[in-house]
Structure formats: structure tokens, C-alpha cells
Amino acid sequence: ISIASAEEVNDVIITSDIVDIKGQNDQVIFTNNLSVDSGVVLINATKAIYDNKTKVIEITGEPSFLRSLKEENEFNGSALKIIFYDNNKVHLIGNAKMKYENMTISSNKIIFSPNSGFIESKE
């Protein structure tokens, strides 16, 4: 995989048209045609910043979208900002919406586990 188009982060594949490395590889900024694929969830957005120290990906867009990649665990959602920690913890912040099975949630902040389907809403 070429750093100019994608970077693997703990089994997460980030692709975009533009990649900019800041500092001594402390942050990698991805912009244009962005997708984040964790094998469980696919996120499409405008921009992502991967922090190599915290191993967290901060994703922004107007809005950013996520959806399930697993048939047995279907969900989709959107927010102005998505913070991806891992397949067990994702935060949707700002005009957050989440649809999981037959439930739809709208809130300022939603904490979601793509693996288990656990949803918590916070204002």
C-alpha cells in the first residue's frame, strides 16, 4: 500500500486522494474522497486525522457517514464529526444520527460499538 493513497492502522485501511504527514509521523492527515475501512464499519467523509500517539482517527465532513460491513449487524449513521477509537468504540458528534436494527437515534453525541451494537446517547 502506498502512503500517497492509503495507510493501514491496526487493520484499519484509510484511503484518500491527498495524504499529508505532520511532525515526525505524529499525525497523518487524509483529505478528498476519504474512506476508513475497519472490516466492521466503513466511514466516508471529507477529512481524517490519524494521531499516531493515541491511535485515534478524527473524521470530519458535512456530514460524515458510516455503515456496517457485516450483514449480521446492520447499522448506518451520520454526524459532523466521527471519532474512531476501534471497532468497539466510535463517537458520533454534532447532529448525530444512528439507525441500528429497528431503532433510530438523533442526538448531539452518540457513542456506538460497531462490534456489539451498544448505543449510548449524550447531549
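Biologist: Why is Glu101 called exposed?

Modeller: Glu101 has a relative accessible area of 58%. A residue counts as exposed over 50%, as buried under 20% and as partly exposed in between, with a 1.4 Å probe and protein chains only. Glu101 is therefore exposed. This is a predicted model, in which local features need pLDDT of at least 70 and side-chain atom pairs count only at pLDDT 80 or more, while totals for chains, interfaces and linings use all residues. Residues are numbered from 1 along each chain as its sequence is written, and side-chain values use heavy atoms, with hydrogens and water left out.

Biologist: Where does Glu101 lie, and what is its phi?

Modeller: Glu101 lies in the loop between β8 and β9; strands are DSSP runs of E with at least two residues, and helices are runs of H or I with at least four, numbered from the N terminus. The phi of Glu101 is positive, about 50°, although Glu101 is not a glycine. Most residues other than glycine have a negative phi.

Biologist: Why does Ser38 count as buried, and which side chain does a polar contact join to that of Ser38?

Modeller: Ser38 has 8% relative accessibility, which is under the buried limit, and therefore counts as buried. Its place is in the loop between β4 and β5. The side chains of Ser38 and Asn87 are joined at 2.5 Å. A polar contact is a pair of N or O atoms within 3.5 Å; within protein, one must be able to donate a hydrogen and the other to accept it, and residues adjacent in sequence count only if both atoms are side-chain atoms. Leaving aside neighbours within four places in sequence, Ser38 is in contact (heavy atoms within 4.5 Å) with Asp11, Val12, Phe84 and Asn87.

Biologist: Why does Ala79 count as buried, and with which residues is it in contact?

Modeller: At 1% relative accessibility, Ala79 is under the limit and so counts as buried. Ala79 lies in strand β7. Beyond neighbours within four places in sequence, its contacts include Pro63, Ser64 and Leu92. The C-alpha atoms of Ala79 and Ser64 are separated by 5.5 Å, although these residues are 15 residues apart along the chain. Pro63, in strand β6, is joined to Glu62 by a cis peptide bond with omega of about -5°. Most peptide bonds are trans.

Biologist: What makes a nonpolar core, and which members of the largest one touch the most others?

Modeller: Such a core is a set of buried Ala, Val, Leu, Ile, Met, Phe, Trp, Tyr and Cys residues joined through side-chain atoms within 4.5 Å. The largest has 27 residues, of which Ile57, Ile59 and Leu92 touch the most other members. Elements giving two or more residues to this core include β6 (56–68), β7 (75–86) and β8 (89–100).

Biologist: How do you know that the radius of gyration agrees with a compact globule?

Modeller: The rule, 2.2 Å times the number of residues to the power 0.38, is applied to a radius taken over C-alpha atoms. For 123 residues a compact globule would be near 14 Å, and the protein chain has 14 Å, so the two agree. The chain has 0 helices and 10 strands, and 43% of its residues count as buried.
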